[in-house]
Amino acid sequence: MAFGTLAFDTLQTSDSKNTGTNKTLDTSYVFNGTPKAWASINEVTTVSIFDSFNLSSTTDDGNGRTDFVLTNVMSNANYAPNATAGLNGATLFAHLTTKSLITSSEFRVNSNSEAGTVTDSDVKVMAVHGDLA
């Protein structure tokens, strides 16, 4: 059995069902446009991870405050993490904390009620875009 590297710079597929023509896509578009990490968690009582990709762990830093720790680190602290949260069907405002709490390996997301109270969410989701180290 041979082991080696498979390299290609374009994906091609037949789109005959819709248009009868072939479609191509540059693989750098796929790589650069794909989240490098994502997670869906519940932080009521104790943090539980529903599902995730490239997430090493989470840390509960108090009501509505969660640190996400990445398995494979980003190339620097200038990547683009984003998040949203909810509680019992109500929308919470999920936001990143100060820039000083974003490192190449982790970041904190807080969730607040409409009244501005930091509160736990029964669903908090995040995605990270940027370059892996």
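Modeller: Let's start with valine 123, which sits in strand β10, residues 123-129; strands (E, at least two residues) and helices (H or I, at least four) are DSSP runs numbered from the N terminus. This is a predicted model, where local features need pLDDT of at least 70, side-chain atom pairs count only at pLDDT 80 or more, and totals for chains, interfaces and linings use all residues. Residues are numbered from 1 along each chain as its sequence is written, and side-chain values use heavy atoms, leaving out hydrogens and water.

Biologist: Is valine 123 buried, exposed or partly exposed?

Modeller: Partly exposed, because its relative accessibility is 33%. Buried means under 20% relative accessible area, exposed over 50%, and partly exposed in between, with a 1.4 Å probe and protein chains only.

Biologist: Which residues form a nonpolar patch on the surface?

Modeller: Phe50, Val123 and Val125, with about 230 Å² of accessible area together. Patch residues have over 30% relative accessible area and no salt bridge; nonpolar side chains (Val, Leu, Ile, Met, Phe, Trp, Tyr) are joined within 5 Å, like charges within 9 Å. A salt bridge is a side-chain nitrogen of Lys or Arg within 4 Å of a carboxyl oxygen of Asp or Glu. Accessible areas come from the Shrake-Rupley method with a 1.4 Å probe, and for residues only the protein chains shown count as cover.

Biologist: OK, new topic. What does threonine 66 pair up with through its side chain?

Modeller: Glutamate 43, by a side-chain polar contact of 2.3 Å. That term is for N or O atoms within 3.5 Å; within protein, one must be able to donate a hydrogen and the other to accept it, and residues adjacent in sequence count only if both atoms are side-chain atoms.

Biologist: And where are those two in the fold?

Modeller: Threonine 66 is in strand β6, residues 65-70, while glutamate 43 is in the loop between β3 (37-42) and β4 (48-53).

Biologist: Why do you call glutamate 43 buried?

Modeller: Because its relative accessibility is 1%. Threonine 66 is buried too, at 0%.

Biologist: What does glutamate 43 touch?

Modeller: Not counting residues up to four places away in sequence, its contacts include Gly64, Arg65, Ser111 and Lys124; contact means heavy atoms within 4.5 Å.

Biologist: How many residues are in the largest nonpolar core?

Modeller: It has 14, and those with the most contacts inside it are Ala39, Phe68, Tyr79, Phe107, Met126 and Val128. β3, β6, β9 (106-112) and β10 each supply at least two residues, and the largest share, three, comes from β3. A core like this is a set of buried Ala, Val, Leu, Ile, Met, Phe, Trp, Tyr and Cys residues joined through side-chain atoms within 4.5 Å.

Biologist: What is methionine 126 in contact with?

Modeller: Leaving aside neighbours within four places in sequence, its contacts include Trp38, Ala39, Leu55, Phe68 and Phe107.

Biologist: What's the phi of threonine 45?

Modeller: About 70°, positive although threonine 45 is not a glycine. Most residues other than glycine have a negative phi. Asparagine 54 also has a positive phi, near 60°.

Biologist: Where do they sit?

Modeller: Threonine 45 is in the loop between β3 and β4, and counts as exposed at 75%. Asparagine 54 is in the loop between β4 and β5 (55-60), and is buried at 9%.
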